[in-house]
Amino acid sequence: MERVEGKVAFITGGASGIGFGMAQAFGEAGMKLVIADVNAERRETAVGALSESGFACHGVDLDVRSATSWKAAADDAEARFGAVDILCNNAGVGQGRRTDGTRLLLEATDEELFRLVFDINVAGAFLGVRTMVPRIVARGAAGHIVNTGSMAGLIAPPGLATYSASKYAVTALSESLRAELAARNIGVSLLCPGGVQSSLDTTSAERRNEQLGSGFDREAGFLSNRPINPEMMEPVSVGRRVLRAIRDNDFYIFSHPEYAGLIEERYAAIRRDIGSSAQDGYVDPDWLLAASRNPAYSEDDRSAATAGLR
Ligand SMILES: NC(=O)c1ccc[n+]([C@@H]2O[C@H](COP(=O)([O-])OP(=O)(O)OC[C@H]3O[C@@H](n4cnc5c(N)ncnc54)[C@H](O)[C@@H]3O)[C@@H](O)[C@H]2O)c1
């Protein structure tokens with residue numbers, strides 16, 4: 001989508017951190033901003049700040065976990081600015097950390113916490129696609145979807161299994177979606193940031209307290225009020241990179257190239273362990289291999305993507 005001026009961007013989790021950084025960058029480019037966030041106070045503050053900067057901006061109430069909430073938020077946004085052109089599925093939560101400095105191991109992770117992380121990070125993005133893609137298609141012009149994954153959606157360090165698993169899911173749904181939507185002139189990008197200044201620890205604790213009860217946090221000993229780390233990347237820089245990716249229809253958006261070596265390490269480990277067939281002489285049939293291929297991985301993915309869907 002080369003020309004973005006006047007386009008309507010719907011940003012989930014837009015009241016804080018990376019989502020707010022995207023809003024700033026999109027506003028600078030003349031886009032209309034819909035700030036969709038579950039926290040009313042933060043949402044109003046963000047809308048106030050963006051409006052003061054002279055950007056066209058509207059706040060909508062949204063809990064990404066709920067299909068009903070998605071419909072109401074989409075209707076609200078359309079009533080204010082007309083059809084949405086760009087969807088940023090950005091709202092997310094972390095899995096939390098121990099106050100004593102030890103990592104939250106998978107075996108010690110509460111079942112409800114595991115489900116909450118997937119509900120927001122994965123089902124939230126899925127419901128965004130379900131709600132907005134038919135609306136974007138219906139209005140008949142080019143569109144774009146940006147899903148906020150993470151470096152933790154490409155590498156899974158110990159002590160981060162729940163969060164990483166949810167972000168791997170975001171990677172997978174973005175990669176499939178890219179091929180599914182190519183023929184309909186809707187670009188899909190996957191944002192994979194490393195460390196960015198944000199309030200993720202605090203807002204994740206808010207979600208845990210609200211959904212699981214504040215007693216849960218105390219029992220688990222979660223660190224819930226870590227201040228924003230000023231050493232990390234500024235969110236508006238990430239936002240400007242996302243803007244460039246929308247204009248160029250980039251697939252993966254990397255703001256932190258220093259992670260390339262870690263991704264290569266993972267790929268090398270997979271390559272190393274791919275050995276011979278478990279059954280002597282057996283290979284899967286061509287049709288199964290063809291169906292397993294994602295044409296979006298190839299350089300020239302557009303016509304290939306259409307072919308892959310037939
Ligand atoms: N900050 C980082 O270092 C980093 C790195 C990689 C990926 N990410 C991802 O970036 C995204 C944005 O996080 P951030 O770091 O900017 O954090 P943040 O806490 O500053 O912003 C997250 C926003 O999402 C909102 N939110 C949470 N649950 C919601 C829900 N159910 N419905 C609607 N809104 C909800 C919060 O109210 C908050 O305003 C997340 O998906 C996160 O996993 C962050």
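Arginine 115 and glutamate 111 form a salt bridge in which the closest N and O atoms are 3.0 Å apart; a salt bridge is defined as a side-chain nitrogen of Lys or Arg within 4 Å of a carboxyl oxygen of Asp or Glu. The two residues lie 4 residues apart in helix H4 and are thus separated by about one helical turn. Glutamate 111 is partly exposed, with a relative accessible area of 48% (buried means under 20% relative accessible area, exposed over 50%, and partly exposed in between, with a 1.4 Å probe and protein chains only). The structure is a predicted model, in which local features need pLDDT of at least 70 and side-chain atom pairs count only at pLDDT 80 or more, whereas totals for chains, interfaces and linings use all residues. Residues are numbered from 1 along each chain as its sequence is written, and side-chain values use heavy atoms, with hydrogens and water left out.

By the salt-bridge criterion, the count comes to 12. One of these links aspartate 75 to arginine 135, with the closest N and O atoms 2.9 Å apart. Aspartate 75 lies in helix H3 (residues 67-81) and arginine 135 in helix H4 (residues 111-138), so the pair ties together parts that are 60 residues apart in sequence. Aspartate 75 is partly exposed, at 32% relative accessibility, and arginine 135 is partly exposed at 22%. A second pair, aspartate 85 and arginine 139, has its closest N and O atoms 2.6 Å apart. Aspartate 85 counts as buried, at 9% relative accessibility, while arginine 139 is partly exposed at 22%.

Strand S6 (residues 186-191) is mostly covered, with 6 of its 6 residues buried. Ile186, Val188 and Leu190 point one way from the strand, and Gly187, Ser189 and Leu191 point the other way. Helices (H or I, at least four residues) and strands (E, at least two) are DSSP runs, numbered from the N terminus; two strands pair if DSSP finds at least two bridges between them. S6 runs parallel to strand S5 (residues 143-148), to which 6 bridges join it. In this pairing, glycine 143 stands opposite isoleucine 186. The chain passes from S5 through helix H5 (residues 161-181) to S6 in a right-handed β-α-β crossover, meaning that, with the strands pointing away from the viewer, the path from the first strand over the helix to the second runs clockwise. S6 also runs parallel to strand S7 (residues 252-253), and 2 bridges join the two strands. Here leucine 191 stands opposite isoleucine 253.

Overall, the protein contains 11 helices and 7 strands. Its radius of gyration is 20 Å, close to the 19 Å that the globule rule gives for 310 residues, so the protein is as compact as a globular protein of that length (the radius is taken over C-alpha atoms, and the rule is 2.2 Å times the number of residues to the power 0.38). The C-alpha trace spans about 65 × 50 × 35 Å along its principal axes. Of the 310 residues, 46% count as buried.
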